Amino acid sequence: MTIRLVLLGRQGSGKGTQGARLAVHYDIAHVSTGEMLRNAIRNDTPVGKVVKDVIDKGSLVADDLMASLVKGRLGETDARTRGYLLDGFPRTLPQAHALDEITRARPINVVIDLEVPRELVLQRLGARRAAEHRVDDSPEAVERRLALYEEQTAPLIAHYRRQGVLAVVDGVGTPDEVFVRLVSAIGSATGVTARGGDGQSRR
Ligand code: AP5
Ligand code: MG
């Protein structure tokens, strides 16, 4: 089975950290919309120019633009043939509906809600701000990002629960502990435990 996975979770829950590890473990594409947008800003592309201020403030980029970026990325050969992990998309109901359309022929097979309480993500983002200076880790932008999560993204949990593809994973603990839980949840949902060097799924 090809894994097509969505990681949901508040800002700072570990989507990027775990997404990178899971992508290696299963040999699938790690599609992080935040990274795509930050690359566009770094390379000063037309998309980068449009989104820079939006991201720095901690607001959300327009749904249509995000859906078209993701549609293009999921149409690339690696994502089509090996599968993928989406990190940071969808984060609004219109985006979830757009994704349902995009994946009609090859549906998402597991959506994980990586649960970490607000107090703990505030600590993690504070530490990252000191270390990496991400502009949107300023206290004001973090406040806005977390509020937008509750308002726009949290309702997706019910959307995917209704579709029967949701798994909830506790994101509190060391990165290694969380990774083991994720692999176990993905194994239960898809039957795939890892992918060997020959590219074959192991069951
Ligand atoms: P995006 O890049 O997706 O950022 P985010 O959602 O705010 O999430 P983060 O990257 O902050 O958190 P994460 O869950 O990935 O945690 P991480 O692993 O980094 O989006 C950025 C912006 O782009 C958005 O605000 C928006 O403007 C725009 N955007 C992107 N997608 C969009 C969309 N679909 N629609 C509209 N706009 C969009 O971990 C956080 C920190 O904690 C790290 O320092 C990490 O080292 C540490 N950490 C991780 N795990 C642990 C652990 N277990 N223990 C201790 N520390 C840990
Ligand atoms: Mg991230």
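Mentor: Before we start, one term: two strands pair if DSSP finds at least two bridges between them. Also keep in mind that this is a predicted model.

Trainee: Got it. Which residue in β3 is the bridge partner of Val31?

Mentor: Val31 has Leu86 as its bridge partner in β3. The two strands involved, β2 (residues 29-32) and β3, run parallel and are joined by four bridges.

Trainee: And how many bridges link β1 and β3?

Mentor: Five bridges, with β1 (residues 3-8) and β3 again pairing in the parallel sense. For instance, Ile3 in β1 has Gly83 as its bridge partner in β3.

Trainee: Is β3 largely enclosed or open?

Mentor: Largely enclosed by the rest of the structure, because five of the five residues of β3 (residues 83-87) are buried. Both of its faces are covered: Tyr84 and Leu86 are buried on one side, and Gly83, Leu85 and Asp87 are buried on the other.

Trainee: Let's switch to helix α2. Which of its residues are buried?

Mentor: In α2 (residues 33-42), the buried ones are Thr33, Gly34, Leu37, Arg38 and Ala40. Down the helix axis they fall within an arc of 155 degrees, so they line one face of α2.

Trainee: What covers those buried residues?

Mentor: The cover includes β2 and β3, along with the helices α3 (46-57) and α4 (63-74). Just past the end of α2, look at Asp44, which has a positive phi of about 55 degrees.

Trainee: Now pockets. What is the volume of the largest one?

Mentor: About 900 Å³. Its lining has 40 residues, and Lys15, Arg38, Arg128, Arg134 and Arg145 lie nearest its centre.

Trainee: Which element gives the largest share of that lining?

Mentor: α2, with five residues. By class, the lining of the largest pocket has 18 polar, 11 nonpolar and 11 charged residues.

Trainee: How about the second largest pocket, what's in its lining?

Mentor: That pocket holds about 220 Å³ of space. Among its lining residues are Arg38, Arg42, Lys52, Asp56, Arg134 and Asp136. Helices α2 and α3 each supply at least two residues of that lining, and by class it has six charged, three nonpolar and one polar.

Trainee: Last one: how many cavities of 30 Å³ or more are there?

Mentor: One cavity of 30 Å³ or more is counted, and the volume of the largest cavity is about 80 Å³. Its lining includes Leu7, Leu8, Lys15, Phe89, Arg91 and Tyr149. β1 and α8 (139-153) are the elements that give two or more residues to that lining, which divides into five nonpolar, four polar and two charged residues.

Definitions and conventions
Residues numbered from 1 in each chain as written. Chains lettered and ligands numbered in written order. Predicted model: local features only at pLDDT ≥ 70, side-chain atom pairs only at ≥ 80, totals over all residues. Heavy atoms only, no water. Buried < 20%, exposed > 50% of the residue type's maximum accessible area, 1.4 Å probe, protein only. 1 Å grid on protein atoms, 1.4 Å probe; cavity = no way out; pocket = protein on both sides within 12 Å on 5 of 7 lines; lining within 4 Å. Points joined across faces, edges and corners; volume = space filled by probe spheres on them. Nonpolar A, V, L, I, M, F, W, Y, C, P; charged D, E, K, R; others polar. Arc of directions from axis to C-beta. Contact = heavy atoms within 4.5 Å.
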